[in-house]
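These are my notebook entries on a single structure. I set down what I looked up, entry by entry.

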Amino acid sequence: MTIPTAALHTAAERFGTPLYVYDAAELDAALARVRAAFGPARVYYAMKANPNLSLLRRLHGAGVGFECVSSGEIARAEAVGAIGPQLLVNGPAKSDAEYAAGARLSATFIVDRVEEVNLLPPQSRALVRVNPALAVSTHDHLATGAAGSKFGVTLQQAPNVLDALRVAGHTALGLHVHIGSAIRDAHDFTAAFGRLSELRQQTGPLAVLDAGGGWGLDADLYGIAREAWATAGVFGAELWVEPGRYLVARAGTLLTRVVGSKRAGRNFCLVDAGMTELMRPMLYGAVHPVQALWDGQERENWDIAGPACESGDLLARDIPLPHPKRGELLAIGEAGAYGAAMSSNYLTRSRPAEALWNGEKWSLIRRRETPQDVWAAEV
Ligand SMILES: Cc1ncc(COP(=O)(O)O)c(C=O)c1O
């Protein structure tokens, strides 16, 4: 984390906790790393990772397009001015409203099943998502390209779907593959792209290969880029990519205050954030770095427990900390992706505020919800 500790204390005091904070410099640096590795590939940010409008505006300003998977995400893209070639509309079960919004904005659709050929708005631009049927090195819930996963068409179906798109009057741009999220082993990408290359004889040359996202934070981007470009070369295609997590994860930190501690079989450090603010540890067993923002000589291992009445509401286990005191701050790192985006109102908890650090000062980029916000749609 590059935000100075004093600035983190200021933010927590000014905006309250739990609080998501983002470092603009780290967001820019992540995009620069992607561009350095992937060269002229077109970058579409998968906004499901973090759809905050201020972050979207910053990425849009840097020339990044968006991958959207719901009417709400399409509306966000439109709100920041993205249109036409800057928009991909994806999803395994698109609604009529999503097709209509995508058509109105001249987006490119990612076709996820054979029947979609007949559901697309007339004369759409489309890519065909292929499921390469591979096991990958990530949590089962994060694997999207395994045999039996609900995503994409099979390798056997893909050439026929491209043909069917053309026959139906659409522009069949090419193929799309996304095998999962937080993938640690670059060989998984090599294997997936390799399966796509085998389709070349049947598909002929294509205009676009979309290699998806899914890169773990420590993944060898240059290795993935080399393989992706080689596969694009097989088809004579240009390369598109869809990073989500890689662009925003490290930029984000969840600040939470210690509420107290408890020794009951294990050592629990009780904090004011939990599964409602950061669901990844409970959902995927995700491990986030945790840093105490207070001093103390002696360290013991503590489990970081949230306020929800759910025994799974733990943010981390066995974290060496100086003795936790009520009011002190903990910084939970690598929380910029699928953190705020997945936060919920369970237990009528108000979703947290979000603040952006520009190296000198803070701006509030989402105010904390009030209980009235939470029940505003109810009668
Ligand atoms: C089609 C598609 N593209 C890109 C992404 C982004 O993945 P990640 O955030 O792991 O880079 C996802 C995530 O689910 C996805 O489904």
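**Entry 1: Pro243 and its surroundings**

I began with the contacts of Pro243: leaving aside neighbours within four places in sequence, this residue is in contact with Val43, Tyr44, Tyr45, Ala46, Gly212, Gly213 and Trp215. I took contact to mean heavy atoms within 4.5 Å. The model is a predicted one, in which local features need pLDDT of at least 70 and side-chain atom pairs count only at pLDDT 80 or more, while totals for chains, interfaces and linings use all residues. Residues are numbered from 1 along each chain as its sequence is written, and side-chain values use heavy atoms, with hydrogens and water left out.

I then located Pro243 in the loop between strand E9 (238–241) and helix H10 (245–248). Helices (H or I, at least four residues) and strands (E, at least two) are DSSP runs, numbered from the N terminus. Is Pro243 buried or exposed? Pro243 counts as buried because its relative accessibility is 1%; the cut-offs are under 20% relative accessible area for buried, over 50% for exposed and in between for partly exposed, with a 1.4 Å probe and protein chains only.

**Entry 2: The annotated positions**

I consulted the UniProt record, an unreviewed entry, which lists Gly214, Glu242, Pro243, Gly244, Arg245 and Tyr338 under "binding site". Of these residues, Gly214, Glu242, Gly244, Arg245 and Tyr338 are included in the lining of the largest pocket. A pocket here is an open set of points on a 1 Å grid over the protein atoms alone, where a 1.4 Å probe fits, with protein on both sides within 12 Å along at least five of seven lines; lining residues have an atom within 4 Å of a point. UniProt positions are given in the numbering used here, feature names are shortened, and annotations may be inferred rather than shown by experiment.

I found Lys48 in the loop between strand E2 (42–46) and helix H3 (53–61). Lys48 is partly exposed, as its relative accessible area is 30%. Which residues does Lys48 contact, leaving aside its neighbours within four places in sequence? I recorded Glu67, Val69, Glu73, Tyr338 and Ala341.

I followed that list to Tyr338, which sits in the loop between E15 and E16. Tyr338 is buried, with a relative accessible area of 13%. Not counting residues up to four places away in sequence, Tyr338 touches Lys48, Ala49, Ser181, Arg245 and Arg280.

**Entry 3: Backbone angles**

I next reviewed the backbone. Most residues other than glycine have a negative phi, and most peptide bonds are trans. I noted a cis peptide bond from Thr17 to Pro18, with omega near -5°; Pro18 lies in the loop between helix H1 (5–15) and strand E1 (19–23).

Ser106 has a positive phi, near 55°, and belongs to the loop between helix H5 (96–104) and strand E5 (108–111). Ser106 is partly exposed, at a relative accessible area of 45%. Leu347 also has a positive phi, near 70°, in the loop between strand E15 (329–332) and strand E16 (353–357). For Leu347 I recorded a relative accessible area of 41%, so this residue is partly exposed.

**Entry 4: Helix H9**

The buried residues of H9 are Leu221, Gly223, Ile224, Ala225, Ala228, Thr231, Ala232 and Phe235. Just after H9, Gly236 takes a positive phi of about 65°.

**Entry 5: Cysteines and domains**

How many disulfides does the structure hold? I found zero disulfides, a disulfide being a pair of cysteine sulfur atoms within 2.5 Å. Cys269 is in no disulfide, and the nearest cysteine sulfur, that of Cys309, is 18 Å away. Cys269 is buried, with a relative accessible area of 0%.

Gly260, in strand E10 (252–264), contacts Phe268, Cys269 and Leu270, its neighbours within four places in sequence left aside.

Finally, I noted that the chain is divided into domain 1 (5–18 + 252–335 + 352–368) and domain 2 (25–248), with bounds from an automatic or database domain assignment. Their centres, taken over C-alpha atoms, are separated by 33 Å. The contact takes nine residues from domain 1 and ten residues from domain 2.
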